[in-house]
Amino acid sequence: MTLRAKLKAEITTAMRSGEALRRDTLKMAENAIYNAEKRDRRTYSDDEVAAVIAREVKSRRESVAAFRAGGREDLAAKEEAEIGILGVF
């Protein structure tokens, strides 16, 4: 099973179970992959999909630091939850 297929399966599972944060986070990752593929005009391999997901995780880590510096612990906690969801891939 490819990483892209696994991501789609996880989105379906999250939708059926009603996990909104998990569903939304996985859809954001899927959209980031789609946009990168569209920009490069080709389908990505599993390694390239993993690199896009790693960029998403890095972006969220930077957001956690910024939110903590701004005293927004609630938003930092949400970003950390998203990191945990994306960390599976």
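Trainee: Which residues of α4 are buried?

Mentor: In this predicted model, the buried residues of α4 are Ala76, Glu79, Glu82, Ile83, Ile85 and Leu86. Here's the general idea for reading such a list: an α-helix has 3.6 residues a turn, so residues three or four places apart point the same way. Keep that in mind as you look along α4.

Trainee: What covers the buried residues of α4?

Mentor: The cover includes α2 and α3, the latter being residues 46-69.

Trainee: How far does α4 reach from its first C-alpha to its last?

Mentor: Helix α4 runs over residues 73-86, which makes 14 residues, and its end-to-end reach is 20 Å. That is close to the 20 Å expected at 1.5 Å a residue.

Trainee: What does the side chain of Thr25 reach?

Mentor: The Thr25 side chain goes to the backbone oxygen of Leu21, at 2.8 Å.

Trainee: Now the charged pairs. How many salt bridges are there?

Mentor: The count is 13. To read one, look for a side-chain nitrogen of Lys or Arg within 4 Å of a carboxyl oxygen of Asp or Glu. Take Glu37 and Arg4, whose side chains meet at 2.6 Å, N to O. Glu37 is in helix α2 (residues 20-40) and Arg4 in helix α1 (residues 3-17), so this pair links distant parts of the chain, 33 residues apart. Glu37 is buried, at 10% relative accessible area.

Trainee: Which residue does Arg22 pair with?

Mentor: Arg22 meets Glu10 in a salt bridge, again listed as 2.6 Å, N to O. Since Arg22 lies in helix α2 and Glu10 in helix α1, the pair ties together parts that are 12 residues apart in sequence. Glu10 counts as partly exposed, at 22% relative accessibility.

Trainee: And where does Arg23 come in?

Mentor: Arg23 and Asp24 form a salt bridge through their side chains, at 3.0 Å, N to O. Arg23 is partly exposed, with 28% relative accessible area, and Asp24 is partly exposed too, at 34%.

Trainee: Which residues are linked in a network of salt bridges?

Mentor: One such network links Glu56, Arg60, Lys78 and Glu82.

Terms used
Residues are numbered from 1 along each chain as its sequence is written. This is a predicted model: local features need pLDDT of at least 70, side-chain atom pairs count only at pLDDT 80 or more; totals for chains, interfaces and linings use all residues. Side-chain values use heavy atoms; hydrogens and water are left out. Helices (H or I, at least four residues) and strands (E, at least two) are DSSP runs, numbered from the N terminus. Buried means under 20% relative accessible area, exposed over 50%, partly exposed in between (1.4 Å probe, protein chains only). A polar contact is a pair of N or O atoms within 3.5 Å; within protein, one must be able to donate a hydrogen and the other to accept it, and residues adjacent in sequence count only if both atoms are side-chain atoms. The expected span of a helix is 1.5 Å times one less than its number of residues. Contact means heavy atoms within 4.5 Å.
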